[in-house]
Amino acid sequence: MWCKKQLIYTPYCEILERRKLVRFVRKRRKRLSPATVFGVIVVTLVVCGTLFYKQSVLHTQREECISQIKELEKQKKELDEDKKGLEQFKEYVKTDEYAEEVAREKFGLVYKGEIIFEPESEE
């Protein structure tokens with residue numbers, strides 16, 4: 001054991017090291033095996049590939065969402081125009097002019113002195 005404290009390498013220390021009773025103070029730098037390096041490279045490539053794939057999928061989804069938003073904005077504009085038209089029609093329905101028009105078309109309203117000409121039907 002005195003070999004461990006003192007950094008003297010003696011034949012006695014060599015015998016103890018061989019029997020693995022005492023480890024000598026010298027430290028060896030451990031090298032990575034080629035399989036470990038290859039494994040790390042493969043894992044890194046898989047992670048990078050997955051990230052690039054997800055990025056492309058998200059980019060495609062983003063483009064689809066942008067086109068969908070544009071289409072919905074067009075529909076909103078059309079519906080706003082329809083809404084304005086319906087509000088104008090709602091106001092027109094409240095007028096006497098509309099009531100007179102409906103009475104003439106559906107009920108055949110005629111004022112005094114008016115003459116109605118009906119076209120002859122062709123047979």
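E63 pairs with R62 in a salt bridge, with 3.7 Å between the closest N and O atoms; the term stands for a side-chain nitrogen of Lys or Arg within 4 Å of a carboxyl oxygen of Asp or Glu. E63 itself is partly exposed at 38% relative accessible area, a label for values between buried (under 20%) and exposed (over 50%), using a 1.4 Å probe and protein chains only.

This is a predicted model, where local features need pLDDT of at least 70, side-chain atom pairs count only at pLDDT 80 or more, and totals for chains, interfaces and linings use all residues. Residues are numbered from 1 along each chain as its sequence is written, and side-chain values use heavy atoms, leaving out hydrogens and water.

The structure has three salt bridges:

| Pair | N to O distance |
|---|---|
| E63 and R62 | 3.7 Å |
| R104 and E100 | 3.5 Å |
| E114 and R104 | 2.9 Å |

Now for R104. Both R104 and E100 sit in helix 4 (residues 96-107), four residues apart, or about one turn of the helix; helices here are DSSP runs (H or I, at least four residues), numbered from the N terminus. R104 is partly exposed at 30%, and so is E100 at 31%. E114 bridges to R104. E114 lies in the segment after helix 4 and R104 in helix 4, so this pair ties together parts 10 residues apart in sequence. Shared partners join E100, R104 and E114 into one salt-bridge network.

Elsewhere, V37 is in helix 3 (residues 34-93) and is partly exposed, with a relative accessible area of 38%.

Methods
Helices (H or I, at least four residues) and strands (E, at least two) are DSSP runs, numbered from the N terminus.
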